[in-house]
Amino acid sequence: MQKTSEQNSFLKTVFIFGPTAVGKTDFSYQLSAHSKRAIINCDIGQFYKQLSIGTAKPDFLSNTIPHYLFDILDESEVCNIADYRESCDKLIAELATTATLPIFVGGSLFYAESLFFKQPARFELAGIDRLEKEKYSWALLNRIDPLRASRIHHNDTYRIDRALDIWYTTGTLPSDHTLSFDPLTKESTIFFLTREREDLYERINKRTEFMLQNGWIEEVEQLSSGWKKFIKEKKIIGYAEIVDFLHNGSRDSKKLTEIIAQKTRNYAKRQLTYWNKLKSKLLGCNGITIHEINLTLSRIDLYLDLATSLNQNIKNE
């Protein structure tokens with residue numbers, strides 16, 4: 001029996017990526033207004049049912065556009081990258097039966113990358129001693145495999161843990177386990193959204209204020225102690241700072257706003273850096289078309305006809 005990805009090889013998909021607060025959701029809705037389409041989530045925070053306000057989760061339940069992979073996790077656990085790719089693979093096949101164009105939207109580029117490049121095989125971790133795992137750090141990875149460490153941010157605990165798991169499980173360098181180009185569909189159109197820096201930062205600042213004024217702190221207050229611990233361990237931006245804010249009994253909401261906005265701006269910078277690395281891998285790959293759009297300078301309606309034609313191509317094939 002053929003794998004789903006092979007069955008999807010004739011299909012087309014659209015991807016809308018970009019830094020936080022750039023306007024991906026609004027862009028996706030406008031882009032899909034004239035075609036039969038479905039939105040598929042590619043944002044880590046929006047996987048979690050308990051996290052809504054601080055993740056800028058769209059009101060997908062009341063939207064007429066079908067939405068998938070939102071609120072898929074009810075427990076405080078990491079969404080496995082291989083499981084995410086498999087879920088997306090199956091979704092594309094299902095949508096193909098009704099000639100529906102899949103539109104992936106989000107800023108979690110590590111997960112986005114998995115839709116184009118197949119990750120190394122998963123490893124069983126039972127042999128790793130708990131105390132050994134407690135020693136995990138970027139510095140430890142750098143001593144073992146400087147090449148892999150150079151490609152991971154110091155605070156990216158998920159990828160640091162994965163790399164060290166490979167080392168301790170197999171005895172081989174994580175950098176030896178390279179990704180292979182294996183897109184889920186034959187043709188992919190990527191829209192990467194940007195804005196002028198002052199414009200983007202102003203949007204981040206205003207959105208942070210809006211979220212805090214509209215129940216973000218109360219959302220965190222209602223979380224269980226297990227969720228709060230998870231948030232702290234994974235350093236989920238904004239949520240971790242609010243947990244500290246509540247724990248310390250502080251009522252300096254202005255300072256909290258400034259801290260969250262600053263960390264969000266820093267995160268946006270990292271997203272742009274990651275995109276440049278991913279783009280360099282994708283350029284020249286068969287079936288990949290990339291449009292980088294500066295929303296400060298460009299009109300969205302210029303791209304609506306392209307979305308319509310992509311959907312029409314699905315119907316004709």
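Figure 1. Helices here are DSSP runs of H or I with at least four residues, numbered from the N terminus. The model is predicted, so local features need pLDDT of at least 70 and side-chain atom pairs count only at pLDDT 80 or more, whereas totals for chains, interfaces and linings use all residues. Residues are numbered from 1 along each chain as its sequence is written, and side-chain values use heavy atoms, with hydrogens and water left out.

Figure 2. Trp227, Phe230 and Ile231 are buried in H11, which spans residues 225-234; buried means under 20% relative accessible area and exposed over 50%, with partly exposed in between (1.4 Å probe, protein chains only). Because these three cover an arc of only 100 degrees around the axis, they lie on the same side of H11; the arc is taken from the directions from the helix axis to the C-beta atoms. The face turned away from that buried side carries the exposed residues Ser225 and Lys229. The buried residues of H11 pack against helix H12 (239-247).

**Figure 3. Gln271 in helix H13.** Gln271 belongs to H13, residues 253-282. Gln271 counts as buried because its relative accessibility is 5%. With neighbours within four places in sequence left aside, Gln271 is in contact (heavy atoms within 4.5 Å) with Gly18, Pro19, Thr20, Gly107 and Leu109.

Key. Helix = DSSP H or I, 4+ residues; strand = E, 2+ residues; numbered from the N terminus.
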